[in-house]
Amino acid sequence: MEPLLCVDGWGDYEIVGVLVRLEESVERKERESMKYYMAPMEGLTGYIYRNAYHRCFHPMDKYFTPFLSPKSNKGLSSRELNDILPEHNQGLFVVPQILTNRWEDFLGTAEILREYGYGEVNLNLGCPSGTVVSKKKGAGFLAVPEELNRFLEKVCSGLDTMGTELSVKTRLGNVSEDEFYGLMEIYNQYPLKELVVHPRIRSDYYKNVPRMKVFEYSMESASCPVCYSGDIFTAKDYRRLVKESPELRSVMLGRGLVANPGLREEVQGEGCLDKERFRTFHGLIYEGYRRIMSGDRNVLFKMKELWSLMIHMFYDEGSYAKKIKKAQRLEEYEAAVDLVLRDLELVRGGGFQPERH
Ligand SMILES: Cc1cc2nc3c(=O)[nH]c(=O)nc-3n(C[C@H](O)[C@H](O)[C@H](O)COP(=O)(O)O)c2cc1C
C-alpha cells in the first residue's frame with residue numbers, strides 16, 4: 001500500500017486509485033478477521049447437512065447444533081446424541097446448543113457434552129415457538145429476567161467447575177425491544193464467551209426487519225464479544241451490515257446460507273455458487289439422509305424442507321418447486337431435482353427472499 005499523500009503533480013485519478021486501494025485493503029482485512037458461524041436451525045442444520053457443507057464449501061469457523069432439549073434425569077435422545085457424536089463431526093468446530101430453563105438439566109447436559117469433548121455450550125434464548133415460549137423457555141425465558149438471572153448464576157458457577165465455556169443466543173425481548181436493556185445488565189454479570197444477538201423480539205417471529213439500533217446498543221454495552229444473526233441473505237446484505245457495524249467480528253448465517261451455501265464465499269470475494277458443486281453437495285445430503293433414515297417419506301420430508309430455501313437460488317416461476325413438493329417417491333424426487341439442475345439457471349447475487357408482513 002502506497003502512502004495516502006497528496007503529492008504535487010498527481011492527477012486526481014491517482015488519488016482516487018489510492019483511495020480505492022485503501023478501501024479494498026480495509027475490506028480485505030475486515031473479511032480476514034471476520035468469523036462466520038452456521039446458525040442452529042432445527043430440522044435443517046443437523047450433522048448430515050453440516051458435514052456436506054464442510055466438505056463442499058469454505059468451512060465455517062463454528063457450527064451451532066440445533067437445540068438439544070434435555071428432559072429431567074434423562075440423557076440425550078438418540079437423535080440428539082447422533083448429532084453431537086464426535087465421529088459424526090470430525091474436523092468441524094461444533095458448539096452444541098441447549099434449550100431449557102432448569103439449571104440442573106443444563107448442567108447435566110453440559111456434563112455429558114464435556115465427556116464427548118465439548119468445551120463450549122450455547123444457551124437458546126431465542127426460540128419463538130408457542131409450545132416452547134409457554135413453558136418459559138427459549139424467547140419465553142426472557143419474560144422472567146429474575147429467574148433467568150438465577151439460572152445463569154447456577155449455570156455459570158457449575159460450568160466454571162467443569163471448565164466449560166458458555167455462550168448465549170438471544171432475541172431482544174419477549175414483547176418489547178425495551179426489555180433488552182435490563183437483559184444486557186444481566187448478561188454483563190457473567191463471563192460469557194460470546195453473545196449472539198438476533199435483533200428481533202419473540203412476537204416478531206421471523207417477520208419485520210432486524211432492530212439494528214438495539215443491536216448497536218448490544219455492541220456498545222456488552223462486556224463480551226457480540227455476534228450478529230439475522231437476515232443476511234446476500235453479499236450485499238453482509239456489506240451493509242459491516243458498514244453499519246464496523247466493529248463486528250463474527251456473523252452467524254442461517255436461512256441465507258441454507259438457500260445459498262456459497263454465501264460465505266461470495267461475501268469473501270471467492271466466487272459464486274455453481275451448479276456442479278451444488279449437485280455434489282445435494283448428493284451428499286440426500287445420500288446421508290437415505291443412509292440414516294428409515295422410509296422414503298422421512299427422507300423426502302427432510303429434502304423438501306431444504307428445497308423450500310434452496311429453490312430461491314434458481315430462476316423458477318414455481319413449476320419446478322411444485323414438482324419437488326409433489327414428489328411422493330424417491331424416483332419422482334430425483335427426477336424433479338434433475339430437471340431443476342438441467343433447466344434452471346442460478347440467480348447471480350441471489351438469495352433467500354422472506355415474506356415480510
Ligand atoms: C427453521 C428454523 C429453525 C431454527 N432453529 C433454531 C435453533 O434450533 N436454535 C436457535 O437458536 N435458533 C434457531 N433458529 C433461528 C436461527 O438460528 C437464526 O437466528 C434466525 O433464522 C435468524 O437468522 P437468519 O435470518 O440468518 O436465518 C431457527 C430458524 C429457523 C428458520
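This is a predicted model: local features need pLDDT of at least 70, side-chain atom pairs count only at pLDDT 80 or more; totals for chains, interfaces and linings use all residues.
**Domains.** I looked up the division of the protein first. The assignment gives domain 1 as 28-267 and domain 2 as 275-343. I then took the centres over C-alpha atoms and found domain 1 and domain 2 separated by 28 Å.

**Contact between domains.** I counted 12 residues of domain 1 in contact with 14 residues of domain 2. On the side of domain 1 that touches domain 2, α2 (47-56) and α10 (255-259) each supply at least two residues. The largest share of that side comes from α2, with 5 residues. I sorted the residues of this side of domain 1 by class and got 8 nonpolar, 2 polar and 2 charged.

**Helix α4.** I checked the length of α4 (residues 103-115) against expectation. At 1.5 Å a residue, its 13 residues should span 18 Å, and the end C-alpha atoms are 18 Å apart, so the two values agree. Which residues of α4 are buried? I list F106, L107, G108, T109, A110 and L113. An α-helix has 3.6 residues a turn, so residues three or four places apart point the same way. I traced the packing partners of the buried residues of α4 and noted α3 (78-84), β4 (97-98), β5 (120-125) and α6 (145-162). Just after α4, I found G117 with a positive phi of about 100°.

**Ligand shell.** How many residues surround the ligand? I get 23, and the closest are A39, P40, E42, G254 and R255. By class, the shell around the ligand holds 10 nonpolar, 9 polar and 4 charged residues.

Technical notes:
Residues are numbered from 1 along each chain as its sequence is written. A residue is near a molecule or strand if its C-beta atom, placed from the backbone, lies within 6 Å of it. Ala, Val, Leu, Ile, Met, Phe, Trp, Tyr, Cys and Pro count as nonpolar, Asp, Glu, Lys and Arg as charged, and the others, Gly among them, as polar. Domain bounds come from an automatic or database domain assignment. Two residues are in contact if their C-beta atoms, placed from the backbone, lie within 7 Å. Helices (H or I, at least four residues) and strands (E, at least two) are DSSP runs, numbered from the N terminus. The expected span of a helix is 1.5 Å times one less than its number of residues. A residue is buried if 20 or more other C-beta atoms lie within 10 Å of its own, exposed if 12 or fewer, and partly exposed in between; C-beta atoms are placed from the backbone.
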